[in-house]
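Please examine the sequence and the structure shown below before reading on.

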Amino acid sequence: MLFSGKGKHRRPSKATRAIAVTGVVGAAVAAPLMAAGNASAATASEWDAVAQCESGGNWSINTGNGYYGGLQFSASTWAAYGGTAYAASADQATKAQQIEIAEKVLAGQGKGAWPVCGTGLSSTPYSGGGSTQTQESGSAESRETEQKASRSTERPAAEQQAKKTVTTPTGKKVAKGDGEYKVVKGDTLSSIAEEHDVKGGWAELFELNDDIVDDADLIYPGQQLHLK
């Protein structure tokens with residue numbers, strides 16, 4: 001079950017995407033290639049169930065297959081959603097820290113980030129993160145406020161440049177693109193390809209947009225993808 005590609009955050013790399021596609025491989029993000037839901041949080045017991053499905057409930061697991069911890073994060077997803085603030089990889093973080101990062105993935109990508117194991121996730125807020133989660137949430141809000149204040153004072157040229165990017169959940173700016181389809185919350189490359197009949201599926205869509213999408217597991221609301 002560890003390499004069955006159950007999560008959006010579980011796709012390896014461009015070089016291996018051809019073999020990874022079997023079983024709807026790798027939230028982003030991220031290929032987590034099945035349609036994501038709109039859930040934004042889950043209970044502690046629900047995350048335990050996801051971990052049991054993904055890794056047999058072993059929150060410290062590292063089998064060397066490129067996915068780490070109880071919820072089987074890829075290194076790219078763990079870093080993109082702020083996990084490296086706690087540990088270099090998810091298997092080295094605590095259960096609470098892994099769940100905290102998983103909440104961010106869930107909010108950004110929906111339950112489709114775990115298309116098989118995440119079907120039972122709900123929108124009930126998780127309350128087991130303790131003060132660390134609260135502090136992180138507060139600091140994230142502070143960063144967002146600072147970013148808004150900074151943007152309000154940018155020169156026109158800088159503002160024009162900012163229109164070409166979108167901001168990820170961790171505050172990082174990525175290329176927006178100029179395609180005809182605008183990514184919305186819960187989208188995955190596979191769901192977009194299926195909905196718009198893209199020949200070649202998610203792999204073709206990935207190639208068409210490789211100038212703005214570095215990892216098929218990580219697409220963000222606001223990005224504009226080419227469909228052909």
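The structure is a predicted model, in which local features need pLDDT of at least 70, side-chain atom pairs count only at pLDDT 80 or more, and totals for chains, interfaces and linings use all residues. Residues are numbered from 1 along each chain as its sequence is written, and side-chain values use heavy atoms, with hydrogens and water left out.

The protein chain contains 8 helices and 6 strands. These elements are DSSP runs numbered from the N terminus, where a helix (H or I) has at least four residues and a strand (E) at least two. Read from the N terminus, their order is α-α-β-β-α-α-α-α-β-β-β-α-α-β. The accessible surface of the protein chain amounts to about 10,600 Å², and carbon and sulfur atoms account for 52% of this area. Accessible areas come from the Shrake-Rupley method with a 1.4 Å probe, and for residues only the protein chains shown count as cover. Among the 228 residues of the protein chain, 46% count as buried. A residue is called buried under 20% relative accessible area, exposed over 50%, and partly exposed in between (1.4 Å probe, protein chains only).

Trp47 is found in helix α2. Is Trp47 buried or exposed? Trp47 counts as buried, because its relative accessibility is 0%. The C-alpha atoms of Trp47 and Leu71 are 8.1 Å apart in space, while the two residues are 24 residues apart in sequence.

The model has 1 disulfide, a disulfide being a pair of cysteine sulfur atoms within 2.5 Å. This disulfide is formed by Cys53 and Cys117, whose sulfur atoms lie 2.0 Å apart. It links distant parts of the chain, since Cys53 belongs to helix α2 and Cys117 to the loop between α4 and α5 (130–152), 64 residues apart. The torsion about the S-S bond of Cys53 and Cys117 is about -65°, and the disulfide is therefore left-handed. Both Cys53 and Cys117 are buried.

Side chains of opposite charge can pair when their charged atoms come close. The rule applied here requires a side-chain nitrogen of Lys or Arg within 4 Å of a carboxyl oxygen of Asp or Glu, and the count comes to 1 salt bridge. Lys95 forms this salt bridge with Asp48, their closest N and O atoms being 2.8 Å apart. Here too distant parts of the chain are linked: Lys95 is in helix α4 (residues 95–109) and Asp48 in helix α2 (residues 44–55), 47 residues apart. Lys95 counts as partly exposed because its relative accessibility is 35%, and Asp48 counts as partly exposed because its value is 31%.

Two residues deserve attention for their backbone geometry. Most residues other than glycine have a negative phi, and most peptide bonds are trans. Gln72, however, has a positive phi near 55°. Gln72 is situated in the loop between β1 (67–68) and β2 (73–74), and it is buried, with a relative accessible area of 1%. Asp197 likewise is not a glycine and has a positive phi of about 55°. Asp197 occupies the loop between α7 (189–195) and α8 and is exposed, with a relative accessible area of 65%.

Further pairs show how residues separated in sequence are placed in space. Asp91 lies in the loop between α3 (75–80) and α4 and is buried, with a relative accessible area of 13%. Between Asp91 and Tyr67 there are 8.8 Å from C-alpha to C-alpha, and the two are 24 residues apart in sequence. Ser190, in helix α7, counts as buried at 12% relative accessibility. The C-alpha atoms of Ser190 and Ala216 are separated by 9.5 Å, the residues being 26 residues apart along the chain.

Finally, the surface carries a negative patch formed by Asp178, Asp210, Asp211 and Asp214. Patches are made of residues with over 30% relative accessible area and no salt bridge, like charges being joined within 9 Å and nonpolar side chains (Val, Leu, Ile, Met, Phe, Trp, Tyr) within 5 Å. Lys and Arg count as positive and Asp and Glu as negative, whereas His and the chain ends are not counted. The place of a charge is taken as NZ of Lys, CZ of Arg, CG of Asp or CD of Glu. Asp210 is found in the loop between α8 (201–208) and β6 (224–225), and Asp210 is partly exposed because its relative accessible area is 37%.
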